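Please keep the sequence and the coordinates in view while reading.

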Amino acid sequence: MPFRPFGFSFELRTPLDLTEVRRRVRDCKRSIVDPSDGPRGLVLGRLVWLWNSAWYSQGPMLVGWMSHDRQGCRLSGRSGSDLNGMLGITAAALFMPVVAFLDYRDGGSSPWLYVIVALTVLAAIILLVAGSNDRREGLPLVTFLETAIGTGGRHEFH
């Protein structure tokens, strides 16, 4: 299984125009504060941002971009287990070695800082592997989009 902590890519094509695709996604998704589970989110211009639960923020997420195509509209993006969490973990893992280097450059002598940095980077690697293994959790959101805009799509689980 490939290492993809930021979910899997998808691409949907439809003969509908961009305005109709945007309207269908907005009409089919749930309200952001709807207490039941199901696709909810935002459609901001050409950006589509969906997630599954009103209360569980670390759940499956989808981020997509709509664009004009010769045959109609194309919607492509990424879907996975927790995209915003994976971005935050990656930022922390990349920032911690910088902190350690700056401390070393300034003559820092605390070995505990280096232990904390090493443990943070190790934890980030473990969480990124777990996110890669759970990327299939975003598949219902892609299926929702396929149903909403009425077309088949292409992604790694098809």
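The model is predicted: local features need pLDDT of at least 70 and side-chain atom pairs count only at pLDDT 80 or more, whereas totals for chains, interfaces and linings use all residues. Residues are numbered from 1 along each chain as its sequence is written, and side-chain values use heavy atoms, with hydrogens and water left out.

The largest nonpolar core comprises 20 residues, of which L62, M66, L75 and L145 touch the most other members. Such a core is a set of buried Ala, Val, Leu, Ile, Met, Phe, Trp, Tyr and Cys residues joined through side-chain atoms within 4.5 Å; buried denotes under 20% relative accessible area, exposed over 50%, and partly exposed in between, with a 1.4 Å probe and protein chains only. Two or more residues come from each of β1 (8-14), α1 (18-28), β3 (47-51), β4, β5 (72-80) and α4 (139-149). Helix α4 gives the most, with seven residues. Helices (H or I, at least four residues) and strands (E, at least two) are DSSP runs, numbered from the N terminus.

A second, separate core has five residues, I89, A93, A124 and L128 among them.

Beyond its neighbours within four places in sequence, M66 is in contact (heavy atoms within 4.5 Å) with L18, V21, R22, V43, G45, R46, V48, C73, R74 and L75. S67 lies in strand β4 (residues 61-69). S67 counts as buried because its relative accessibility is 15%. With the same exclusion of neighbours within four places, S67 is in contact with L18, R46, G72, C73 and R74.

How do the helices pack? The axes of α1 and α4 are 9 Å apart, at an angle of about 120°; axes are lines fitted to C-alpha atoms, for helices over the stretch in contact, and angles run from 0 to 180 degrees between N-to-C directions. α1 is therefore oblique to α4, given that angles under 35 degrees count as roughly parallel, over 145 as roughly antiparallel, 65 to 115 as roughly perpendicular and the rest as oblique. Here V21, R24, V25 and C28 of α1 meet F144, L145, A148 and I149 of α4.

Helices α2 (residues 83-105) and α3 (residues 111-133) have axes that come within 9 Å and cross at roughly 160°. These two helices are therefore roughly antiparallel to each other. Residues making the contact include I89 and A93 of α2 and A124 and L128 of α3.
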